[in-house]
Amino acid sequence: MDKVKIFLDEDEIPKKWYNINPDLPKPLSPPIDPKTREPVNPEVLMALFAKELVKQEVSTERFIDIPEEVREIYRLWRPSPLFRALNLEKELKTPARIYYKYEGVSPPGSHKPNTAVAQAYYNMKEGIERIATETGAGQWGSALAFGCQQMGLECQVYMVKISYDQKPFRALMMQAYGAGIVPSPSQQTEFGRKILEANPDSPGSLGIAISEAIEDAVTHDNTKYALGSVLNHVLLHQTVIGQETIKQFELIDDYPDVICGCIGGGSSFSGISWPFYYHKITGKAPKDTKIIAIEPTACPSVTKGKYMYDHGDTARMTPLLKMHTLGHEFVPAPIHAGGLRYHGMAPQVCLMADQGKIETRAYNQIDVFEAASLFVKTEGIIPAPEPSHAIKAAIDEALKCKETGEKKTILFLLCGHGHFDLAAFDAYYSRKLQPYEYPAEEVEKSMHKLKEIYPWIEDLPY
Ligand SMILES: Cc1ncc(COP(=O)(O)O)c(C=O)c1O
């Protein structure tokens, strides 16, 4: 009989994280300081982040040891299960085999604590007492609040206002984990006050919340900033996901032909797919696996954005990063996948897309929720709106197999549950969702503005 759940023992939690930097198809363009137009010295970043995290950010070591204290906390939910979606396969009448790796089993309910626990650990080790951060959907904020509580640190979260209003229970969860939380833009920072003065009804954005959290970190004693995605140290912490999945497939003697993951900043997608990519380039993979990254049409950073240097935040406090971007002033439509509303993307993911090593795709939220509701009906788990983009892609791939008769193995990452997203399902069932498409002209306008601010931006030699 086919197995529905494939488990590993606790002692099979990976002992190392995988860093893709030495294996990228081309060296990564460095972060640039717009004042000097030169690469940023990593030491400057140490004012903002724990030192060890900055070292990991620029590390060229392929494997980095996971501290025992971090593995000990990982044991609360890792190794996470790999499921076979037999009921979904039956419903679709597809010859394909569909599997999903489920990260919703973590205490806060997503993949985010894989990095939150590690980041809180290194900050604690370096004597930091407090961490400030932003959160979009609330998943990252609750994960960091959990990580900080485990490590005995204070945590301050700036939550994008529209998500704060849409998901009050996420905010309550962060409080239960002992964190302080305010809707962003807030009155707590100079930047937040400036935004509110210009637009008291601002729904906020991740770019604004990042600016507020950075300002908080640099204006408070013994406080550092933490980011839940985009940066390399975050991506590499997530690779425990893919490493476990490879072992789980070994147990059932199968291997994915296709991997689907959603991208907001790119961390969960990197977590599931980089270990498979490493398997491929080292000749260990039995198949030439296709890797697909999926984003919303309302925030099409990679599929419609430009691959060029831009800031990671709205107030232009971060260095310039070479990435696909919709422009740092992007304010997203109020779609329910709050974690996928970021204007940029992890530079590693962008480079892999630019070099044709991964495919990218965008779906509108109505199609995404249609796929999610089919998943609820067949598999029973209520998925978060973000990974529902991956569900939609997996279903599309399975339907292609139905047409061609191919018995492909399809894997997707279900990186979080949607227990706090039921209002989104309600909006879908009552036909209130809009199929937003971000217009290409808006991207052009933002790029024009960026070039006005930095006329030299396209001449950088990277
Ligand atoms: C459940 C969930 N999935 C995905 C994302 C997107 O982030 P990333 O692309 O870094 O995984 C988020 C971000 O908040 C999230 O909460």
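Which residues of helix H9 (residues 190-198) are buried? In this predicted model, local features require a pLDDT of at least 70 and side-chain atom pairs count only at pLDDT 80 or more, whereas totals for chains, interfaces and linings use all residues. Residues are numbered from 1 along each chain as its sequence is written. The buried residues of H9 are Phe191, Gly192 and Ile195. Helices (H or I, at least four residues) and strands (E, at least two) are DSSP runs numbered from the N terminus. A residue is termed buried if 20 or more other C-beta atoms lie within 10 Å of its own, exposed if 12 or fewer do, and partly exposed in between, with C-beta atoms placed from the backbone.

An α-helix has 3.6 residues a turn, so residues three or four places apart point the same way. The buried residues of H9 pack against strand S10 (180-184) and helix H10 (206-219), where contact between two residues requires their C-beta atoms, placed from the backbone, to lie within 7 Å. The face of H9 turned away from its buried side carries the exposed residues Glu190 and Glu197. The loop between S10 and H9 contains proline 185, and the peptide bond joining serine 184 to proline 185 is cis, with omega about 5°.

A one-sided arrangement is also found in helix H2 (residues 51-58), whose buried residues are Leu53, Val54 and Gln56. Viewed down the axis of H2, these buried residues fall within an arc of 160°, so they line one face of the helix. The cover over the buried residues of H2 includes helix H1 (42-45), strand S5 (63-65), H5 and H11.

Helix H5 (residues 113-125) holds alanine 116. Alanine 116 is buried because 33 other C-beta atoms lie within 10 Å. Leaving aside residues up to four places away in sequence, alanine 116 touches Ala143, Leu144, Phe146 and Gly147. Alanine 226 is 110 residues from alanine 116 in sequence, yet the C-alpha atoms of the two are 8.5 Å apart in space.

The chain is divided into domain 1 (5-16 + 61-109 + 233-453) and domain 2 (110-232), with bounds that come from an automatic or database domain assignment. The C-alpha centres of the two domains lie 22 Å apart. Across the interface, 49 residues of domain 1 are in contact with 40 residues of domain 2. On the side of domain 1 that touches domain 2, H3, helix H11 (232-237), helix H12 (240-252) and H13 each supply at least two residues, and H11 gives the most, with five. The residues on this side of domain 1 divide into 23 nonpolar, 21 polar and five charged. In this classification Ala, Val, Leu, Ile, Met, Phe, Trp, Tyr, Cys and Pro count as nonpolar, Asp, Glu, Lys and Arg as charged, and the others, Gly among them, as polar.

The ligand is surrounded by 21 residues, the closest being Gln139, Ser229, Gly264, Gly339 and Gly416; a residue is near a molecule or strand if its C-beta atom, placed from the backbone, lies within 6 Å of it. Two or more residues of this shell come from each of helix H6 (139-151), helix H13 (267-281) and helix H16 (385-404). H13 gives the most to the shell, with three residues. By residue class, the shell comprises nine nonpolar, 11 polar and one charged. Domain 1 and domain 2 each contribute at least three residues to the shell around the ligand.

The peptide bond from arginine 78 to proline 79 is cis, with omega near -10°, and proline 79 is found in the loop between helix H3 (68-74) and strand S6 (82-84). Lysine 93, which is not a glycine, has a positive phi of about 55° and lies in the loop between helix H4 (86-92) and strand S7 (97-102). Lysine 93 counts as exposed because it has 9 C-beta neighbours inside 10 Å. Arginine 431, likewise a residue other than glycine, has a positive phi near 55°. Arginine 431 lies in the loop between helix H17 (422-429) and helix H18 (440-453) and is exposed, with 7 other C-beta atoms within 10 Å.

Terms used. The arc is that of the directions from the helix axis to the C-beta atoms.
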